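Hello,

Here is the structure we talked about handing over.

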Number of protein chains: 2
Amino acid sequence: MSKSTKQLDDLFLEGLKDIYFAEKKIIAALPKMAKAAESEALAAAFEKHLHETEGQVTRLEKVFKLIDHASRGKNCPGIMGVLEEGQEITKEYKGSPALDAGLIAAAQAVEHYEISRYGTLMVWAQQLGMMGAAALLNETLQEEVNTHAFLCRLAETEINHVAKVA
Amino acid sequence: MSKSTKQLDDLFLEGLKDIYFAEKKIIAALPKMAKAAESEALAAAFEKHLHETEGQVTRLEKVFKLIDHASRGKNCPGIMGVLEEGQEITKEYKGSPALDAGLIAAAQAVEHYEISRYGTLMVWAQQLGMMGAAALLNETLQEEVNTHAFLCRLAETEINHVAKVA
């Protein structure tokens, strides 16, 4: 297929590969973030999200199946950059009272990245008439939105306060 | 300052440097995205956001001044990764009816990155009692939220339809 004939279904497939790669990297990163977290509530939130993320990978594999394509990722510089910033914080703030506030900020950037990608993919699936795929993508999108909201509450009620007064 | 004594004000300063660097990179990327866009409405949206972004940089410089620190960026792998994905799309979809849908998706990922960072910085500023800084950061946050919403409407009403049926 020449470049000039690429259409929305190509974008959809490439976006799917991008987020599949990203989810695998997130699954590798979350246990490290849970281990680094000082707050038990934050560690538990990361562990809960790890299980959710495993389910999200399974959902993506169902979407690949719906479009009759092998589940395959492609290098996604966006998530790599966002995760790298999280790793920097873990390293630089180890033992600091502000570590958890930094970890939450890093996790929220990851959630925003995913919300953006799943939002786009869901709308594209709808416009391509793939309602089954759109429903699966929307399930994950709602989980990401909920995780982001939970992290916001945790930051505002507990973590940042500790970072400030410790 | 040793690592273990780093606190929320350190995170705040580092976050400020991160988004200052990011905004400068976005100012460099937006004219290219406007030039690449097929739709006049999308090109106009990118140009409008370029002017907004210049104002956002000025606001960040005011925040640096409020904390008595020189305006300085620091390398931000997150935005570099997100912008790299946009550049890939511009290259791979040149001349394709789906180019604009891809450009919008890339721009939405940038907006989400910024919404995440400004949201975090605004909350940290509030918790540090820096209400002037929080107000400036919130002004930019609202602009980013509005830009994201506008791009969503543009994608749903015009761009993706062209990508699908062309």
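**Notes on the fold and the interface**

Read along the sequence, chain A runs α-α-α-α-α. That is five helices and zero strands, where helices (H or I, at least four residues) and strands (E, at least two) are DSSP runs numbered from the N terminus.

This is a predicted model, in which local features need pLDDT of at least 70 and side-chain atom pairs count only at pLDDT 80 or more, while totals for chains, interfaces and linings use all residues. Residues are numbered from 1 along each chain as its sequence is written, chains are lettered from A and ligands numbered from 1 in the order in which they are written, and side-chain values use heavy atoms, with hydrogens and water left out.

The C-alpha atoms of chain A fill a box of roughly 60 × 25 × 20 Å along the principal axes. Of its 166 residues, 56% are buried (under 20% relative accessible area, 1.4 Å probe, protein chains only). Taking contacts in chain A (heavy atoms within 4.5 Å) between residues at least 6 apart in sequence, 80% join residues at least 24 apart.

Chain B is laid on chain A by a turn of 180° and a shift of 0.0 Å along the axis, with an RMSD of 0.0 Å (least squares on the C-alpha atoms of residues with pLDDT of at least 70 in both). That is the relation of a two-fold axis. Of the interface residues of chain B, 100% are also interface residues in chain A, so the copies meet through the same surface.

Each chain puts 49 residues into the contact. Between them the chains bury about 3900 Å², 52% of it on carbon and sulfur atoms; buried area is the accessible area (1.4 Å probe) lost on putting the two parts together, summed over both. In chain B, E85(B), Y93(B) and Q127(B) lose the most area to chain A, together 15% of what that side buries.

The interface has four salt bridges (a side-chain nitrogen of Lys or Arg within 4 Å of a carboxyl oxygen of Asp or Glu). One of them pairs K6(A) with E92(B), with the closest N and O atoms 3.8 Å apart. On the side of chain B that touches chain A, α1 (8-36), α3 (77-92), α4 (99-127) and α5 (131-165) each supply at least two residues. The most come from α4(B), with 14 residues.

Regards

Terms used. Buried means under 20% relative accessible area, exposed over 50%, partly exposed in between (1.4 Å probe, protein chains only).
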